[in-house]
Amino acid sequence: MGNQLFQEARRFVEMAKSADPADRDSVISKAKNALSSAYANSTIAEQSQLQEMQNELDQLK
């Protein structure tokens, strides 16, 4: 099944990328929290992907 926190982080990042501009800050905040939670419980390979997702979020601002 994979790392549930990792999957949740990916889902929140995707939501942030498609969020309405009025809701974007809130969704980005939730995505960052999900990324932080997932990072602590992930493999090195997952951490690399999570870092890429973090970079994507940083570009949304």
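Predicted model: local features only at pLDDT ≥ 70, side-chain atom pairs only at ≥ 80, totals over all residues.
Biologist: Which residues does Leu5 touch, once residues up to four places away in sequence are not counted?

Modeller: With that exclusion, Leu5 touches Ala34, Ser37, Ala38 and Asn41.

Biologist: How should I read the packing of two helices, and at what angle do the axes of α1 and α2 cross?

Modeller: One reads the angle between the N-to-C directions of the two axes together with their separation. Here the axes of α1 (residues 4-17) and α2 (residues 24-40) come within 8 Å and cross at roughly 160°. That makes α1 roughly antiparallel to α2, since angles over 145 degrees count as such, and the crossing of the two helices is left-handed.

Biologist: Which residues make the contact of α1 with α2, and how do they divide by class?

Modeller: From α1 the contact takes Leu5, Phe6, Glu8, Ala9, Phe12, Val13, Met15, Ala16 and Lys17, while α2 gives Arg24, Val27, Ile28, Lys30, Ala31, Ala34, Leu35, Ser37 and Ala38. By class, this contact has 13 nonpolar, one polar and four charged residues.

Biologist: How do α2 and α3 pack, and how far apart are their axes?

Modeller: Helices α2 and α3 pack at an angle of about 165°, with their axes 10 Å apart, which makes α2 roughly antiparallel to α3, and their crossing is left-handed. The contact is made by Arg24, Ile28, Ala31, Lys32, Leu35, Ala38 and Tyr39 of α2 and by Gln47, Leu50, Met53, Gln54, Leu57, Asp58 and Leu60 of α3. Its residues comprise nine nonpolar, two polar and three charged.

Biologist: Where is Asp58 found, and what is its relative accessible area?

Modeller: Asp58 is found in helix α3 and is partly exposed, with a relative accessible area of 40%. The C-alpha atoms of Asp58 and Lys17 are separated by 11 Å, the two residues being 41 apart along the chain.

Biologist: For the remaining pair, are α1 and α3 roughly parallel or roughly antiparallel to each other?

Modeller: Helices α1 and α3 pack at an angle of about 20°, with their axes 10 Å apart, and they are therefore roughly parallel to each other. In a left-handed crossing of α1 past α3, Phe6, Ala9, Arg10, Val13, Ala16 and Lys17 in α1 meet Glu46, Gln49, Leu50, Met53, Glu56, Leu57 and Leu60 in α3. The residues of this contact divide into eight nonpolar, one polar and four charged.

Biologist: How does one read a nonpolar core, and how many residues has the largest one here?

Modeller: In soluble globular proteins, nonpolar side chains tend to be buried together. In this model the largest nonpolar core has 15 residues, and those with the most contacts inside it are Ala9, Val13, Leu35, Leu50, Met53 and Leu57. The elements that give two or more residues to this core are α1, α2 and α3 (44-60), and the largest share, six residues, comes from α2.

Key
Residues numbered from 1 in each chain as written. Heavy atoms only, no water. Axes fitted to C-alpha atoms, helices over the stretch in contact; angles between N-to-C directions. Helix = DSSP H or I, 4+ residues; strand = E, 2+ residues; numbered from the N terminus. Parallel < 35°, antiparallel > 145°, perpendicular 65-115°, else oblique. Left-handed = near helix turned anticlockwise from the far one by under 90°. Contact = heavy atoms within 4.5 Å. Nonpolar A, V, L, I, M, F, W, Y, C, P; charged D, E, K, R; others polar. Core = buried A, V, L, I, M, F, W, Y, C linked by side-chain atoms within 4.5 Å. Buried < 20%, exposed > 50% of the residue type's maximum accessible area, 1.4 Å probe, protein only.
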